[in-house]
Amino acid sequence: ADEFRLYRWLAPSSLPPGVLIQAHPGAADAMDLRPLHPRNSPGGFSDAFVQGIEVSSGKRDPEWEPSYQRTLRLGYRVFPAFGSDSHDAKGPRSTASLRNGATVCWVRARTREALIDAMHARRCYYASSGKPALRFEMRAGKRGAWLPMGAKLDAPDGRVDVHLLALNDPRNANGDPRRTRRFDVVELVDASDRVLASAPCKRNGDGRDLCRLELEALVVADGAIYPRIRMKDPHPAGCRSKQTAGSGNCEKILIG
C-alpha cells in the first residue's frame, strides 16, 4: 500500500534484511524524498531500507544521476545502481549482459550474504558496460585510517586525503566504435555536481585504461563526494537513449 508497509514487511523477512533499490526515480525535483513517517509521510524515503538509486538501465544512459545527487544532498546514504530492465529474466531477449552494464560491489566472499552486506555498506558502484574495477578510499589527516567507499568520515578541519584507482575492463575496447567505452577522464564530484578534482586517464591499447587520483588535504564541504569517469568523445550510436545523446549523460560510464 505504501513504503511504510513495504519496510515493515522487509525488516523481519530475512537475515540480513534484503536490499531495496529505487528504480526509475525520474526527474530529481519530482521525487518524493520526505523523511519516512508512519502517519504523516507513509510513502516517504528512508535509507535505512533503500540502499541504492538506479542511475541508468540497459535502455538508457545515466540520466538519473541528478536524482542520485539530490538524495545525497538531502543527507541520504545510497549507492548508484544499474538496472537491466530485464523484467522477464526467462525471456530469450531478456538475458542480462555485462555489455550493457552492471552494479559492481566489493564483497568479502562470493555469497549472497556477502553481497547484501556490501550493499548495506554502500561499497558498490555503477558501470555502463563491462566490469571495471574501482577502488576509492579516504582519510582525515595523515594519521587517520583509510576508509573505503561508502564509509562515513569525520574530518573536523574539512580536509581529506583521497586515493582513487580505476581499471577498465578490456572488453570495453570493442572493435565496433559504437560499443567502445574507454576511460578518458576521472573526476571527483560533490552532490551539487561540482568537480572538486580531475585527471586524465591512461589509455592502454588492450582496453585496460587506468585512472588514478591521489589528493592530499583536499578541502571538502559536509556531505557526500564520489568519483565519476567519462569518455571524451562517445559515438552517438553508442548512446542508449536518443534524448541523452549529446547531453553529457552518454559520456558518463562509471559512477562511484
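Colleague: Is Ala 217 buried, partly exposed or exposed?
Modeller: Ala 217 is partly exposed, because its relative accessible area is 38%, and the cut-offs for that class are 20% and 50%. Keep in mind that this is a predicted model.

Colleague: Where does Ala 217 sit?
Modeller: In strand E11, which covers residues 210–219.

Colleague: What about the phi of Ala 217?
Modeller: That phi is positive, about 55 degrees, and Ala 217 is not a glycine.

Colleague: Why flag that?
Modeller: Because most residues other than glycine have a negative phi.

Colleague: New topic. Is Asp 184 buried or exposed?
Modeller: Buried, because its relative accessibility is 9% and the cut-off is under 20%.

Colleague: And where is Asp 184 in the fold?
Modeller: In the loop between strand E8 (159–167) and strand E9 (185–190).

Colleague: Which side chain does the side chain of Asp 184 join in a polar contact?
Modeller: That of Arg 203, at 3.1 Å.

Colleague: What else does Asp 184 touch?
Modeller: Leaving out residues up to four places away in sequence, Asp 184 touches Ala 199, Pro 200, Cys 201 and Arg 203, and also Arg 230, Met 231, Lys 232 and Asp 233.

How values were computed
Residues are numbered from 1 along each chain as its sequence is written. This is a predicted model: local features need pLDDT of at least 70, side-chain atom pairs count only at pLDDT 80 or more; totals for chains, interfaces and linings use all residues. Side-chain values use heavy atoms; hydrogens and water are left out. Helices (H or I, at least four residues) and strands (E, at least two) are DSSP runs, numbered from the N terminus. Buried means under 20% relative accessible area, exposed over 50%, partly exposed in between (1.4 Å probe, protein chains only). A polar contact is a pair of N or O atoms within 3.5 Å; within protein, one must be able to donate a hydrogen and the other to accept it, and residues adjacent in sequence count only if both atoms are side-chain atoms. Contact means heavy atoms within 4.5 Å.
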